[in-house]
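Have a look at the sequence and the fold, then read on.

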Amino acid sequence: MRVRKTALVAALSSLALLTGCGAADMTKQASPFAGAQGAKTVTLSVQSWVGAQANVAVAQYILEHELGYRVDTVQVDEVPAWDALSQGRVDALLEDWGHPEQEQRYVKDKKTITDGGELGVTGHIGWFVPTYLAKQHPDITNWKNLNKYSHLFRTPESGDKGQLMDGSPSYVTNDKALVKNLKLDYQVVFAGSEAAQITQMRQFAKEKKPFLTYWYTPQWLFKKVPMTEVKLPPYKEGCDADPEKVACAYPHTPLKKYLNSGFAKNGGKAAAFLKKFEWTTEDQNEVSLMIADKKMTPEDAAKKWVDSHKSTWKKWLS
């Protein structure tokens, strides 16, 4: 994602260190742009996964080319992004996968963050195997049979256990608890990032090797590497309330947008536009595929989508 280098980046780096351990309540700090009288500047938080980058790319393109704003983007991990948003160091977060603690603290209690509405995309995290493996062993898609096949997933990193591949430790994940509580003969191994995880998955698929991975929908990679979800114990409201005792599947989560409350109230056309920004899974995947697979710049991918979907985004400006 194209990031303009401003003093904001350094400020957020410090912020992540402070807020990550809950050492300080910095929610009353002013925005670095608070003194910029009338400046038409919007700062968007962009997460590291490509779907979030697609959201920001399109929003940024329209804000700049249709509404005349300058847009700064800053990459912040999921939880620190809430702290930055509360402080006004970023104005909007366009894709949140569910952080009830932060929502309670900042939206309901402190009221420093405002619900910006749904993105229009429903997210779901799960465990997946390549479809070619599911066809060879149909019963592998039931978690109760995973131990039977754990030997297929052994890697140097997982030792004598099967490997369950995760992406970044900063992502929403219950996988270590699930492995322990379901008594599975597996080891969670973090690839380190979404990009590294995708590289490993594509290499396994190229060689038709077995793999079991934490993954999510919507995601463009399914078009390149067909995968089948492994059914975990059904999700029920509250089954994931205690992170240490989780023994159920991940929920289906309508992805939401959040705005800094000051920006939501006084952000003018930019805030109004971001509240109305809502698109489909197909829209997001179309832009994501251009960025991640076709190697287009986010700006070029956004321009191509904007040029061919005027009837969709024109509604966001009305």
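Predicted model: local features only at pLDDT ≥ 70, side-chain atom pairs only at ≥ 80, totals over all residues.

Residues are numbered from 1 along each chain as its sequence is written, and side-chain values use heavy atoms, with hydrogens and water left out.

The protein has twelve helices and nine strands (DSSP runs numbered from the N terminus: H or I of at least four residues for helices, E of at least two for strands). Of its 318 residues, 51% are buried (under 20% relative accessible area; exposed is over 50%, partly exposed in between, with a 1.4 Å probe and protein chains only).

Strand β5 (residues 162-166) runs parallel to strand β6 (residues 186-190), and five bridges pair them (pairing takes at least two DSSP bridges). Q163 sits opposite Q187 in β6.

The largest pocket holds about 1,200 Å³ of space, while the largest cavity holds about 100 Å³. Both come from a 1 Å grid over the protein atoms alone: a cavity is a set of points where a 1.4 Å probe fits but cannot get out, a pocket is an open set with protein on both sides within 12 Å along at least five of seven lines, and lining residues have an atom within 4 Å of a point. Volume is the space filled by probe spheres set on the points, which are joined across faces, edges and corners.

The pocket is lined by 34 residues, with G98, P100, V172, N174 and D240 nearest its centre. Strand β9 gives the largest share of that lining, five residues. Lining the largest cavity are W49, E78, W97, I125, Y171, V172, Y214 and Y216.

Most residues other than glycine have a negative phi, and most peptide bonds are trans. The T217 to P218 bond is cis, with omega near 5 degrees, and P218 lies in the loop between β7 and β8.

K111 has a positive phi near 60 degrees; this lysine is in the loop between α4 and β4 and is exposed at 56% relative accessibility. K295 also has a positive phi, about 60 degrees, and is exposed at 66%.
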